[in-house]
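Please consult the sequence and model shown here.

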Amino acid sequence: MKSIAKILFFITTIVLFNTSISAQEINDKAALNGIKEAKGVFLIDFTDVKTTAFYLKIIEGTHAGFIKQDVNPDLVLVFIGKTVKYLSIQQDEAFEMENEEDLNSIQNSIQNLAKLGVKLEVCAVATKVFNIDNKTIPKEMSIVADGFISLIGWQTQGYKLVPIF
């Protein structure tokens, strides 16, 4: 009988502990205090397709997090380096078969972010270096002459840099 009471006490303690943890509101109130609009420019420079797909989903969540906390997100994504290879809608057949899920996720994120009003820019220097035909970059994205110049321009306009690589 004592062991049943101990088990019930243990279960009750766990339930109450978990309830109090989940009842705590997790937010960014302190950082967003008094902010109505957040201007951010993301420098995106990844060397693999899986990381690119993962972080684009994270950025979709960041946009949603701003909205949920009553802050208007004004976001720009600038893609440089090898990452531009994963944006193309025309992939090497073997690479595409091996990475189909991540490539599809990237294309879905591009469409979702564009629908949300996120500006998506691709560095023409990078497309040239990595032999990517600019015509294969999704129509939702803008080709800019130089991603570094774009980053400096956005920052000069008050956008805060978020480097992810």
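A salt bridge is a side-chain nitrogen of Lys or Arg within 4 Å of a carboxyl oxygen of Asp or Glu. This is a predicted model, in which local features need pLDDT of at least 70 and side-chain atom pairs count only at pLDDT 80 or more, while totals for chains, interfaces and linings use all residues. Residues are numbered from 1 along each chain as its sequence is written, and side-chain values use heavy atoms, with hydrogens and water left out.

Q: What makes the contact of aspartate 74 and lysine 119 a salt bridge?
A: The N to O distance between the two side chains is 2.9 Å, and the limit is 4 Å; the pair therefore qualifies. Aspartate 74 belongs to strand 2 and lysine 119 to strand 3 (residues 119-123), 45 residues apart, and the pair links distant parts of the chain. Helices (H or I, at least four residues) and strands (E, at least two) are DSSP runs, numbered from the N terminus.

Q: Why is aspartate 74 called buried?
A: Buried means under 20% relative accessible area, exposed over 50%, and partly exposed in between (1.4 Å probe, protein chains only). Aspartate 74 has 15%, so the residue is buried. Lysine 119, at 31%, is partly exposed.

Q: Why is strand 2 described as largely enclosed by the rest of the structure?
A: Seven of its eight residues are buried, so the description applies.

Q: What makes strand 1 and strand 2 a pair?
A: Two strands pair if DSSP finds at least two bridges between them. Strand 1 (residues 37-44) and strand 2 have eight bridges, in the parallel sense, so they pair. Among the bridge partners are isoleucine 44 and, in strand 2, phenylalanine 79.

Q: Why is aspartate 70 called exposed?
A: The relative accessible area of aspartate 70 is 61%, so the residue counts as exposed. Aspartate 70 lies in the loop between helix 2 (49-68) and strand 2 (72-79), and has a positive phi of about 60° although it is not a glycine.
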